[in-house]
Amino acid sequence: MAKNAQFYLLNPEKKITVEQLACDLAAQAWRLGKRVLIACETEEQAFLIDEALWQRDPNEFVPHNLSGEATQYAPPIEISWKGKRNAQRRDLLINLQIEVPDFSHSFTQLIDFVPVEETQKAQARERYKILRSQGWALSTENT
């Protein structure tokens, strides 16, 4: 099965954050019937994503939860952070972590970001190289 990774190049003039873009892409994927994991670097970032998803217009709502929250059914979008992740199978990994998560091999679709800031851009290049060496088909898209 082909593994596809898409990198979004952030446009400094558009003033959109990776968190905002991750929320939008997760919502789009959910509307296409995909189950999504948003892998955050920190618990704080996970809470920011959770809050951003709650702040969407009611007609833009997407069912989601933070890893570890008790729910009767696993929602289609899970927000995790390092060391905290549920075990449900997901279709799409939206990576906000500095490194490629060690569980990325269990996904066939991955979204990552190339921020404007130079240090973060260099980290994104490293993730790109690692995914390429692991056999992922890579593409980039401007935002």
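The model is predicted. Its chain contains three helices and seven strands. Read from the N terminus, these elements follow the order β-α-β-α-β-β-β-β-α-β. The C-alpha trace spans about 40 × 35 × 30 Å along its principal axes.

Of the 143 residues, 41% are buried. Considering contacts between residues at least 6 apart in sequence, 63% link residues that are at least 24 apart. The accessible surface amounts to about 8000 Å², and carbon and sulfur atoms account for 51% of that area. As for charge, there are 17 positive and 20 negative side chains. The centres of these two sets are 7 Å apart.

Strand β2 covers residues 36-40. How many of its five residues are buried? Five of the five are, and β2 is therefore largely enclosed by the rest of the structure. In a regular strand, side chains alternate between the two faces of the sheet. In β2, V36, I38 and C40 point one way, while L37 and A39 point the other way. Both groups are buried.

Which strands pair with β2? One is β4, residues 77-81, which runs parallel to β2 and is joined to it by five bridges. Another is β5, residues 92-95, also parallel to β2 and connected to it through four bridges. A39 illustrates both pairings: its bridge partner in β4 is S80, and in β5 it stands opposite N95.

S80 lies in strand β4. Is S80 buried or exposed? Its relative accessible area is 1%, and residues under 20% count as buried, so S80 is buried. Apart from neighbours within four places in sequence, S80 contacts L37, I38, A39 and C40, and also A46, S67 and R85. Among these, L37, I38, A39 and C40 are residues of β2 that are themselves buried. A further distance concerns E19, which is 61 residues from S80 along the chain. The C-alpha atoms of S80 and E19 are separated by 13 Å.

Note on methods. Residues numbered from 1 in each chain as written. Predicted model: local features only at pLDDT ≥ 70, side-chain atom pairs only at ≥ 80, totals over all residues. Heavy atoms only, no water. Buried < 20%, exposed > 50% of the residue type's maximum accessible area, 1.4 Å probe, protein only. Helix = DSSP H or I, 4+ residues; strand = E, 2+ residues; numbered from the N terminus. Pairing = 2+ DSSP bridges. Contact = heavy atoms within 4.5 Å. Areas by Shrake-Rupley, 256 points an atom, 1.4 Å probe, with all protein chains shown as cover. Lys, Arg positive; Asp, Glu negative; His and termini not counted. Charge placed at Lys NZ, Arg CZ, Asp CG, Glu CD.
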